[in-house]
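Take a look at the protein chain below. We will go from its inside to its overall fold, and then to one helix.

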Amino acid sequence: MGKKEEKTNVMRILDQKKIPYGSHNYLETGAVSGLEVAAALGEDPDRAFKTLVTVGKSKEHYVFVVPVSKELNLKKAAQCVGEKSIEMIKSKELLPLTGYVHGGCSPIGMKKQFVTTIDRSAEQFDKIMFSAGKIGYQVEVSLRDLGKVIRYQTADIAE
């Protein structure tokens, strides 16, 4: 019998909600950065997204999902969530806050549902790819289906 593909929590959540998704494993490639992951999987880096967790001046936390080929514009991001300013959280705060480690953070399945904003560029793709919640794994989901699992808005937040 063949080795069963390992399921991450994100995949189990998608299965539970009966949401179709593609899964990719890049463990063998040694890819670390989002750009390396996209290259290792032969994917368009504009279609591969990273999940960033921030904290606003109000101490509220926000999740932003931007293409791996771009950076989060903190000014635009703060504006779209109604904050004076936001900053990235410290790496050591990520696991206790979200349940995910740096490099394996997914907008699906966090310990708590945070206000989530996806860069508007995602709307041009049938499906976008992002972390499956564990380093070495990615999932591919349509925005419409993603909306069945998490609440999100889209905005122009990447540069």
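Of the 159 residues in the protein chain, 47% count as buried. Buried means under 20% relative accessible area, exposed over 50%, and partly exposed in between (1.4 Å probe, protein chains only). This is a predicted model: local features need pLDDT of at least 70, side-chain atom pairs count only at pLDDT 80 or more, and totals for chains, interfaces and linings use all residues. Residues are numbered from 1 along each chain as its sequence is written, and side-chain values use heavy atoms, with hydrogens and water left out.

Now the fold. The protein chain has five helices and eight strands. Helices (H or I, at least four residues) and strands (E, at least two) are DSSP runs, numbered from the N terminus. From that end, the order is α-β-α-β-β-α-β-α-β-β-β-α-β. The radius of gyration is 15 Å, close to the 15 Å that the globule rule gives for 159 residues, so the protein chain is as compact as a globular protein of that length. This radius is taken over C-alpha atoms, and the rule is 2.2 Å times the number of residues to the power 0.38.

Next, helix α1, residues 9–16. Which of its residues are buried? They are Val-10, Met-11 and Leu-14. These residues cover an arc of only 100° around the axis, which puts them on the same side of α1. The arc is that of the directions from the helix axis to the C-beta atoms. The buried residues of α1 pack against β1 (22–25) and β7 (137–141). After α1 comes Lys-18, with a positive phi near 55°.

Technical notes
Contact means heavy atoms within 4.5 Å.
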